[in-house]
Structures are given as structure tokens and as C-alpha cells.
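Here is a short tour of one protein model. Take a moment with the sequence and the 3D view before reading on.

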Amino acid sequence: MDKIVIEGGRPLEGTVKISGAKNAILPVLAATLMTRGRNIIEGVPKVRDVATMIQLLKDLGAEVESYRNEKIVLDTSSANNPEAPYDLVSTMRASCLVLGPLLAKLGRARVSLPGGCAIGARPIDLHIKGLEAMGAKIWLEQGYIHGTADGLKGIQFYFDTVSVTGTANLMMAASLAEGETILENVAKEPEVVFLADILNQAGAKIEGQGTDMIIIQGVSSLKPIECRIFPDRIEAGTYMIAAAITQGEVLIENCIPQHVESIILKLQEAQVDVEVESSSIRVRGRSPLLAVNARTHPYPGFPTDIQAQFMALMTLARGQSIIMETVFENRFMHVAELKRMGANITLDGHTAVISGVQSLSSAPLMATDLRASASLVLAALAAKGQSVISRVYHIDRGYVNMEKKLSCLGARIQRVK
Ligand code: UD1
């Protein structure tokens with residue numbers, strides 16, 4: 001298994017280009033199942049979750065006509081297999097995004113119950129409840145969700161919890177359902193807005209994306225999708241924190257500053273110098289870094305996907321910061337590893353109290369989930385000495401060439417087999 005070796009203590013300097021958003025392309029790939037023909041997607045990030053979703057679509061009968069230079073042409077003319085197998089779904093929770101499209105298009109689905117990051121129970125009860133309300137019959141058998149539908153019907157549905165993939169799944173299914181669907185308390189993430197816009201370009205009738213309520217008028221068919229994926233806001237946020245934690249200066253190119261506004265504001269509150277241009281952000285780390293509090297929320301709040309990386313930064317801030325995780329119930333797996341590097345963190349339920357220390361020390365580290373792994377990389381970049389991070393396949397799920405991008409910024413980082 002690959003490991004990443006980092007010789008920390010060097011400020012990062014230079015320019016990094018952000019890749020396409022993983023969480024934007026996954027639902028778009030799932031949505032191609034509702035079309036028949038050649039779907040063309042550009043700006044594809046080469047990460048393992050995307051490879052998994054493409055493999056899943058191939059298993060479902062789609063054909064990859066070509067895939068090079070971040071552009072994929074995917075023919076869904078024969079995507080008629082309703083079964084998403086365990087070996088793929090178990091490695092990526094977002095595979096459940098095919099459930100809505102399969103039921104809407106084929107009227108049948110057999111999707112393994114998802115796995116993915118070990119960051120809490122992460123049920124998909126709301127996806128299932130919504131699809132059942134639309135008229136699908138759903139039952140669980142031998143670890144699989146089985147579903148049949150003789151045409152889905154429009155519904156009025158309230159999400160008890162704001163769910164990103166839940167919103168995407170029901171929005172996709174409702175696009176091909178009969179009549180009007182009103183989804184309330186929906187996710188407002190840019191990835192959801194993008195999916196709605198792309199579906200509209202394909203012939204769907206969706207309004208209200210980006211607000212708490214989405215209204216969908218069902219249509220009978222959708223044209224193939226053509227789009228370019230926008231830059232990944234979590235990757236951008238991670239490199240912003242990398243600049244800050246190493247006291248470096250990095251220009252983050254190809255990003256949408258509005259998507260990372262809550263991160264910019266938190267960094268500025270911590271006295272990090274952030275300059276925003278139309279599609280780039282320059283971050284200069286400054287000393288001393290001030291301790292600030294953060295609380296995760298659905299978009300436009302501070303993202304849970306940046307909580308671990310921000311905590312790594314706060315371990316080196318002057319004073320005490322309190323970080324609250326409100327989206328997931330168990331997303332502090334990085335804490336034990338950061339403590340092994342000398343961080344002073346105490347956990348109480350959903351709250352972490354971090355007392356800043358002067359420096360972190362290098363250590364052998366274990367990646368546990370995607371974003372926790374990123375936080376360990378950041379901490380190792382700041383720590384003096386050599387850290388070896390194992391189980392880095394978690395990082396490969398969501399970051400394009402992380403060690404290459406960091407070494408272009410001057411980090412001493414290498415992957416060893
Ligand atoms: C998506 C993102 C993930 C991010 C998360 C929160 C993708 C592919 N992944 O994950 O990177 O961390 O949003 O921003 O876009 N919940 C239920 N029942 C459900 C669905 C969700 O209780 O049916 C709960 C979850 O357990 C969690 C909360 O709702 O506590 C939010 O989860 P959700 O927004 O669904 O996360 P994902 O869509 O899986």
C-alpha cells in the first residue's frame with residue numbers, strides 16, 4: 001500500500017491550479033443514466049471516486065467512448081442494467097446517487113447499501129423515504145436496496161435533515177416523474193445548483209435551486225448532458241490552509257471565491273492574509289496565527305469537509321479555539337493523530353477544544369478518511385522532521401495529484417510504494 005513521506009517545516013510558495021469538483025461530477029455522472037446518447041463532460045477530476053463512478057456506469061451498461069485530457073464521452077444508449085454491485089458501492093457512498101436515476105429511467109434498481117468514509121452512520125433513509133413517496137416500492141434484501149416503480153409521481157417532500165446527495169437523488173428522480181415535485185429544506189450547495197442547471201440544459205424543468213425549496217415539473221425525457229465541471233471548493237480550501245499553516249504564500253488559481261467565502265472569512269479572522277481576485281485567491285500565512293472558533297453547517301456555512309484541515313491549522317494558533325461539528329456525528333478521527341504530533345486537543349461530544357502549541361512534531365500517521373487524511377498532510381507539512389502517512393488511498397479518493405501539486409509549491413513530499 002502506498003505511503004506519503006513528508007519532510008515538513010518549509011513554507012509553500014507558488015501557484016496551484018484547482019481541479020474539477022469531485023462532488024459536482026459524481027451526481028452529474030449519475031444523471032447521465034437518465035439520458036440516452038453521448039454525454040460529454042469536461043473538467044473531469046482524476047480521482048478514485050470518479051473512477052469508481054465511471055466503472056459503476058459501465059457496469060450499468062454505459063460505454064466510455066473516450067476519456068482523455070479531463071474530457072469524457074459517455075454513451076448511455078444501452079444503460080439498461082439496474083444492478084449496482086457491492087464491490088463498487090461499498091467503496092463509495094455517493095454510488096447511492098444512481099438509485100433515483102435508475103428508478104426514474106428503468107423503473108428498477110438493485111443498489112448495494114453504501115459504504116464510503118467512516119464518518120458516522122450516514123443513513124440514506126431520506127432518499128428512500130422520498131422515492132417511496134414518489135410511488136417506488138423499496139425493500140432491503142441481503143445488503144441490497146431493491147426498488148421497482150411503475151412510473152414515479154410528483155410529491156411534496158420535506159427533508160428532516162439537509163442532505164446533499166438526498167436532494168440530488170430526489171431532484172433527479174423528480175425530473176422524470178409525472179407532475180410537480182416540491183422539495184423543501186433542500187441542500188443549497190453549489191454542487192446541487194450545478195446539477196439542477198445541467199439537468200435544465202438537458203430539458204428538465206427545475207426552479208429554486210440555491211434556495212431552501214426546489215420545484216420540479218417532471219418531463220418525459222432528457223437529452224444527453226454536455227458540461228464542464230466547476231473547480232473544487234474543498235480542494236481550494238485545503239490549499240488555502242496549506243499556505244497558511246506553512247507560513248507560505250500561494251496563489252490558488254481556477255477557483256470560485258464565492259464558493260469558499262466562509263473559509264476566507266475564517267482565515268482572515270485568524271489573521272491570515274487573503275487577497276481575492278475574480279477566479280483566484282492569494283493566501284499569505286502570517287505569524288502569529290490567532291485562534292478562532294468554527295462551527296460546521298450546510299452551505300453557505302463553514303463546510304464539514306474543511307473542518308479537519310482547519311483544525312490542523314488551529315493546533316498552531318495563539319490561544320484556544322472551539323470547533324463544533326454539527327453535520328456528522330463522528331468526524332473527529334483526525335484528532336487522535338494530530339495529538340500524536342503534539343497538538344493539544346480535547347474532545348467533548350461534537351466539540352473539539354484546541355489550545356494552540358508552538359510547533360508540531362513529525363510522526364508516523366494513519367489516514368482514516370478523505371478529509372482527515374488531508375488534515376494530516378497539512379499538519380505534516382508544518383511539522384519539523386519526517387512524517388510518514390499510511391493508507392493514503394483515502395487521499396486519492398478526492399484529491400488530484402496531491403503530492404505533485406504540493407511538491408510544485410516546494411513541499412518535500414513523495415509517495416512510496
Ligand atoms: C455530501 C458530500 C460530502 C459532505 C456532505 C456534507 C458528496 C458526494 N458528498 O455527502 O463530501 O461531507 O455532503 O456536506 O456530495 N442524513 C440522514 N439521512 C439521509 C441522508 C443524510 O440522516 O437520508 C444525514 C447524514 O447522516 C449527515 C447529514 O444528514 O449527518 C448530512 O449528510 P448528507 O448531506 O446527505 O451527506 P452526503 O450527501 O452523503
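The report below covers strands, helices, loops and a pocket in turn.

## Strand pairing

This is a predicted model. Begin with strand E7, residues 108-112. E7 pairs with strand E6, residues 83-84, in the parallel sense. Two bridges hold that pairing. In it, Glu-83 stands opposite Arg-110 of E7.

E7 also pairs with strand E9, residues 144-148. Here the strands run antiparallel, and five bridges join them. Val-111 has Ile-145 in E9 as its bridge partner. In a regular strand, side chains alternate between the two faces of the sheet.

## A hairpin and its turn

Strand E4 covers 63-68, and strand E5 covers 71-75. The two run antiparallel and are joined by five bridges. Ser-66 stands opposite Val-73 in E5. Together E4 and E5 form a hairpin, with two residues between them.

Asn-69 sits in the turn of that hairpin. Its phi is near 50 degrees, a positive value in a residue other than glycine. Most residues other than glycine have a negative phi. Is Asn-69 buried or exposed? Asn-69 has 74% relative accessibility, over the 50% cut-off, so it counts as exposed.

Helix H6 takes in residues 164-175. How far apart are its end C-alpha atoms? They are 17 Å apart. At 1.5 Å a residue, the twelve residues should span 16 Å, so the two values agree. Ten of the twelve residues of H6 are buried, and the helix is mostly covered. Among the buried residues are Leu-170, Met-171 and Met-172. Gly-166 and Asn-169 are also on that list. At the start of H6, a side-chain oxygen of Ser-163 reaches to within 2.9 Å of the backbone nitrogen of Gly-166.

Helix H10 spans residues 307-314. Eight of its eight residues are buried, so H10 is largely enclosed by the rest of the structure. The buried residues of H10 include Phe-310, Met-311, Leu-313 and Met-314. Gln-307 and Gln-309 are buried too. An α-helix has 3.6 residues a turn, so residues three or four places apart point the same way.

Most peptide bonds are trans. Pro-288 lies in the loop between strand E17 (280-284) and strand E18 (294-295).

A cis peptide bond also joins Tyr-299 and Pro-300. Omega there is about 10 degrees. Pro-300 is placed in the loop between E18 and H10.

Asn-401 has a phi near 45 degrees, which is positive in a residue other than glycine. Asn-401 is in the loop between helix H13 (393-398) and helix H14 (402-408). Its relative accessible area is 45%, so Asn-401 is partly exposed.

Thr-35 lies in the loop between helix H1 (22-31) and strand E3 (38-42). Thr-35 counts as buried because its relative accessibility is 1%, under the 20% cut-off. The side chain of Thr-35 reaches the backbone oxygen of Thr-32 at 2.7 Å.

Gln-268 belongs to helix H9, residues 261-269. Gln-268 is partly exposed, at 34% relative accessible area. A polar atom of its side chain lies 3.4 Å from the backbone oxygen of Val-274. Pro-257 is eleven residues from Gln-268 along the chain, and the C-alpha atoms of the two are separated by 14 Å.

## The second largest pocket

How much space lies in the second largest pocket? The figure is about 430 Å³. The pocket is lined by 21 residues. The closest to its centre are Gln-247, Leu-316, Val-357, Gln-358 and Ser-359.

Helix H8 (233-245) supplies at least two of the lining residues, and so does helix H12 (370-382). By class, eleven lining residues are nonpolar, seven are polar and three are charged.

Notes:
Residues are numbered from 1 along each chain as its sequence is written. This is a predicted model: local features need pLDDT of at least 70, side-chain atom pairs count only at pLDDT 80 or more; totals for chains, interfaces and linings use all residues. Side-chain values use heavy atoms; hydrogens and water are left out. On a 1 Å grid over the protein atoms alone, a cavity is a set of points where a 1.4 Å probe fits but cannot get out, and a pocket is an open set with protein on both sides within 12 Å along at least five of seven lines; lining residues have an atom within 4 Å of a point. Grid points are joined across faces, edges and corners, and a volume is the space filled by probe spheres set on the points. Helices (H or I, at least four residues) and strands (E, at least two) are DSSP runs, numbered from the N terminus. Ala, Val, Leu, Ile, Met, Phe, Trp, Tyr, Cys and Pro count as nonpolar, Asp, Glu, Lys and Arg as charged, and the others, Gly among them, as polar. The expected span of a helix is 1.5 Å times one less than its number of residues. Buried means under 20% relative accessible area, exposed over 50%, partly exposed in between (1.4 Å probe, protein chains only). A polar contact is a pair of N or O atoms within 3.5 Å; within protein, one must be able to donate a hydrogen and the other to accept it, and residues adjacent in sequence count only if both atoms are side-chain atoms. Two strands pair if DSSP finds at least two bridges between them.
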